[in-house]
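The following exercises ask you to read a structure residue by residue and then as a whole. Try each task before you turn to its worked solution.

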Amino acid sequence: MSLMLQEAQSAPAQLARQWSANAERVVEIGHRLREADPRGALTVARGSSDHAAAYFGYLGMKRLGLPVASIPPSLGTVSPAPWRVRGQLAVAISQSGASPDLLAAQRALADGGARTLALVNTPDSPLGEASDETLLLHAGAEKSVAATKSYLATLAAGAHLVGAWQADGELLAALERLPERLERAAAFSWQPAIEALQGVDRMMVIGRGVGLGIAQEAALKFKETCGIQAEAFSAAEVRHGPMALVGSGYPVLVFAPPGPEQAGLLELAAWLESVGARVLLAADDGVASRQLDLVDAGHDDLQPLSTIQSFYPMAAALAVARGGDPDRPPHLKKVTRTL
């Protein structure tokens, strides 16, 4: 069993531990954020952490009415910007908390007047020390190059933070119950996807709304563990140009969990099939046309966690089926230090 698979399957237990470890801390941070009432939020991250930031940003905009923007870290290093961000929250996300560009960007935003918060997996990290507040991910040591449990831990921490900030008891209760649902999600077999994708070299992954960041993460995992040129698109954007790529048999993975986006995603999946695409539809058991099973996460805004929990074991198995090793992707290292 690969490290990637082991760590992905350990995520539900890590999220249960995270909930307990962070419960009081997140309440305190949420209270301070309500009092500070930021006018907007800025996220600083790269790779999988940036995809988690997209999820956090969507939640912040949807639930708090808070404008959230992703800041290129190079604006703190290569092309330093004269930030004027007083009254805003800067959220830096990193597993290691050691990348120089994230550290420089967070310091620059602080100098520009922002309140700063770091979501990191490593205690006493440089990024945490450079921020006003730190929220630990409690994902445990992650040895696989491909992030899995730390990504899920970042999604959960982001949802926990937004729920506490908003004081939304329904979201928080669903988040506390989530690990047991993820246990079921981790056990699903997505064998039809392994069979369909074993010989492909390019594909699309489609999500929408709160699930778009998960589609981006899945596309990255296809690239780094399976060598597939996968691109992520919103269901609302895919007909604006990317559809020109779709020919007969072109593989498209559509994430369509329960929630307000599902109807449009199902309609798009049916249309893609009608024009010849090889559609792999991931949906809950209320959708008879699905090829891949999803567990209902118990709350619309937590469905992305259930979706990616089921995706990761499939990606690890697909890498092996294609003759690769998900723990040793070419040219990659666990910690990337960028300027």
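**Exercise 1. Where is Pro-192 found, and which residues beyond its sequence neighbours is it in contact with?**

Step 1: Pro-192 is found in helix H7, which covers residues 191–197, where helices are DSSP runs of H or I with at least four residues, strands are runs of E with at least two, and both are numbered from the N terminus. The model is a predicted one, in which local features need pLDDT of at least 70 and side-chain atom pairs count only at pLDDT 80 or more, while totals for chains, interfaces and linings use all residues. Residues are numbered from 1 along each chain as its sequence is written, and side-chain values use heavy atoms, with hydrogens and water left out.

Step 2: The relative accessible area of Pro-192 is 29%, so this residue is partly exposed; buried means under 20%, exposed means over 50%, and partly exposed lies in between, with a 1.4 Å probe and protein chains only.

Step 3: Leaving aside neighbours within four places in sequence, Pro-192 is in contact with Leu-280, Gln-291 and Leu-292, contact meaning heavy atoms within 4.5 Å. Met-314 lies 122 residues from Pro-192 along the chain, and their C-alpha atoms are separated by 9.6 Å.

**Exercise 2. Is Pro-73 buried or exposed, and which residues does it contact?**

Step 1: Locate the residue: Pro-73 lies in the loop between strand E2 (68–70) and strand E3 (88–94).

Step 2: The relative accessibility of Pro-73 is 4%, and therefore Pro-73 counts as buried.

Step 3: When neighbours within four places in sequence are left aside, the contacts of Pro-73 are Val-44, Ala-45, Arg-46, Asp-101, Leu-102 and Ala-105. Ala-270, by contrast, is 197 residues from Pro-73 in sequence and 39 Å from it in space, C-alpha to C-alpha.

**Exercise 3. In which helix is Tyr-58, and what does it touch?**

Step 1: Tyr-58 has its place in helix H2, residues 47–64, and is partly exposed, with a relative accessible area of 32%.

Step 2: Not counting residues up to four places away in sequence, Tyr-58 touches Gly-209, Val-210 and Glu-261.

**Exercise 4. What is the phi of Asp-37 and of Ala-167, and where does each residue lie?**

Step 1: Asp-37 is not a glycine, yet it has a positive phi of about 50°. It lies in the loop between helix H1 (3–36) and strand E1 (40–44), and at 58% relative accessibility Asp-37 counts as exposed.

Step 2: Ala-167, also not a glycine, has a positive phi of about 55°. Ala-167 is found in the loop between H5 and helix H6 (169–186), and is exposed with a relative accessible area of 54%.

**Exercise 5. At what angle do H5 and H10 pack, and which residues make the contact?**

Step 1: Helix H5 (residues 149–166) and helix H10 (residues 303–321) pack at about 175°, with their axes 11 Å apart; axes are lines fitted to C-alpha atoms, for helices over the stretch in contact, and angles run from 0 to 180 degrees between N-to-C directions.

Step 2: The two helices, H5 and H10, are therefore roughly antiparallel to each other, since angles over 145 degrees count as roughly antiparallel, under 35 as roughly parallel, 65 to 115 as roughly perpendicular and the rest as oblique.

Step 3: Tyr-151, Leu-152, Leu-155 and Ala-156 of H5 make the contact with Leu-305, Ile-308, Gln-309 and Tyr-312 of H10.

**Exercise 6. How many helices and strands does the protein chain have, and what is its radius of gyration?**

Step 1: The protein chain has 10 helices and 10 strands.

Step 2: Its radius of gyration is 19 Å, close to the 20 Å that the globule rule gives for 339 residues, so the chain is as compact as a globular protein of that length; the radius is taken over C-alpha atoms, and the rule is 2.2 Å times the number of residues to the power 0.38.

Step 3: Of the 339 residues, 56% count as buried, and the C-alpha atoms fill a box of roughly 55 × 40 × 40 Å along the principal axes.
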